[in-house]
Amino acid sequence: MKKTILRAILCFSLVATVSSVALSCSSSDDDEAVSNPSTVDPNNFQGTITAGTTVTLDPTKTYNLTGRLLVENGATLIIPAGTRVTASEGATYLIVNRGGKIFINGTASNPVTFEGTQHKQGHWGGIVVLGNAPSNRSASGTSTSELGDLVYGGTNSNDNSGSIQYLIIKDSGFKYNPEKEFNGLSLFGVGKGTSISYVYVTDGADDGIECFGGSPNLDHLVITGVGDDSFDWTEGYNGTVSYLYAARKKQYQNAAEPGNRGIEADTQDTDPNTTNGNGASNPTITNATFLGNAAGSESQGLKIRAGSQGKFDNIVIANYSTGLDFETDRTYTWFTGGSYITNIRFVNVATQWKTKAPAPDLSSVFTISATATGAGSGTALPDWAKGWTGLTSFDTTDAMN
């Protein structure tokens with residue numbers, strides 16, 4: 001990440017309900033703090049919400065995110081129901097540091113929306129939250145985020161970064177160099193004290209949602225039309241995900257990035273056998289539907305690799321070339337040692353499972369159920385996902401070749 005892009009910050013003012021407002025701004029890579037308790041210009045929404053400050057946005061206004069907006073340790077950002085944020089093109093993003101809090105208080109009738117000033121994949125960055133829950137990148141449980149270059153992680157699995165509910169993220173995933181790009185929602189060392197429910201990520205580049213370690217519990221997620229994986233984890237992620245509806249979109253099937261896996265599961269990219277932090281990633285995934293198509297080289301419903309473990313129940317996988325794709329000895333050992341994939345239903349999946357040779361036979365590590373409902377309605381968009389997302393229907397024909 002280029003710090004000159006991410007740290008060139010202008011002061012902003014807040015037209016909102018503000019308590020003890022102090023904003024820092026910088027004209028250099030050193031990020032000098034200058035107190036500025038004036039009001040925010042919604043047309044130039046960026047800067048730093050400093051420690052001891054609580055900022056509440058005004059839902060009657062549209063905020064144009066024009067750079068990095070940082071919520072510091074000890075600061076709080078509150079975004080009421082119905083608030084709309086439009087993001088300028090480039091490395092524009094919202095990031096919450098360890099010890100900072102964000103409350104996105106959308107409702108079913110008035111979700112909070114973040115979207116690009118133009119509707120295209122990768123137009124702007126995304127939302128990044130950092131917490132104090134362990135990463136297995138180091139013995140101390142900490143690491144440095146690829147998004148924002150800030151330290152995240154620690155030893156508090158119960159850490160609380162606030163709450164997110166009824167949030168829509170569109171057009172995210174800006175790529176700022178060939179190796180790094182934003183996701184829709186990136187969770188670095190976020191603890192299970194953080195509440196995340198009813199999140200819709202659509203038409204973004206890279207991943208929809210990614211967990212870097214930590215232990216957040218997420219529920220009622222809709223992810224459609226992202227360029228890479230719908231849901232991704234690494235670094236010892238140990239939370240739960242329940243009610244997940246994830247789908248490729250047919251309109252991107254001939255794109256350079258048509259969408260990859262429903263889930264990409266890692267323990268750590270550099271050391272799948274790490275014992276740092278939480279050790280292996282081992283989340284629990286229940287009530288999930290994954291719709292794919294055959295485009296691209298990574299048409300896999302669930303790619304479980306790099307030492308990742310996991311528990312999966314009531315899963316529907318449709319129209320991917322491969323349903324379950326396993327890699328690495330630690331992963332093989334886990335799934336051959338117990339019943340961790342149950343009630344799975346394959347719909348139009350040519351290869352139900354595969355491994356890299358030589359590997360054990362994993363044909364018996366999962367149980368098939370013809371009546372698995374996945375996210376709630378089999379391959380169809382479940383009722384809980386209708387309305388607040390703007391969607392009234394979605395099914396295999398909207399995702400497949």
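The legends below describe close-up views of a predicted model.

View 1. Asn64 belongs to strand E5, which covers residues 62-71. Asn64 counts as buried because its relative accessibility is 19%, and buried means under 20%. The side chain of Asn64 makes a polar contact of 3.4 Å with the side chain of Ser88. Beyond its neighbours within four places in sequence, Asn64 is in contact with Pro42, Asn43, Asn44, Phe45, Thr86, Ala87, Ser88 and Thr117.

**View 2. The largest pocket and its lining.** The largest pocket holds about 620 Å³ of space. Its lining consists of 34 residues, and Glu146, Glu179, Asp206, Glu210 and Phe212 are those that lie nearest the centre of the pocket. Two or more lining residues come from each of strands E12 (142-144), E15 (175-177), E16 (180-181), E19 (209-212) and E21 (231-234). Strand E21 gives the most, with 3 residues. Sorted by class, the lining has 18 charged, 8 polar and 8 nonpolar residues.

**View 3. Strand E21 and its partner strands.** Strand E21, one of the strands that line the largest pocket, is covered on both faces. Phe231 and Trp233 are buried on one side, and Asp232 and Thr234 are buried on the other. Strand E21 pairs with E19 in the parallel sense over 4 bridges, and Trp233 in E21 is the bridge partner of Cys211. Strand E21 also pairs in the parallel sense with strand E23 (residues 263-265), over 3 bridges. Here, the bridge partner of Asp232 is Glu264 in E23.

Methods
Residues numbered from 1 in each chain as written. Predicted model: local features only at pLDDT ≥ 70, side-chain atom pairs only at ≥ 80, totals over all residues. Heavy atoms only, no water. Buried < 20%, exposed > 50% of the residue type's maximum accessible area, 1.4 Å probe, protein only. Polar contact = N/O pair within 3.5 Å; in protein donor to acceptor, adjacent residues only side chain to side chain. Contact = heavy atoms within 4.5 Å. 1 Å grid on protein atoms, 1.4 Å probe; cavity = no way out; pocket = protein on both sides within 12 Å on 5 of 7 lines; lining within 4 Å. Points joined across faces, edges and corners; volume = space filled by probe spheres on them. Nonpolar A, V, L, I, M, F, W, Y, C, P; charged D, E, K, R; others polar. Pairing = 2+ DSSP bridges.
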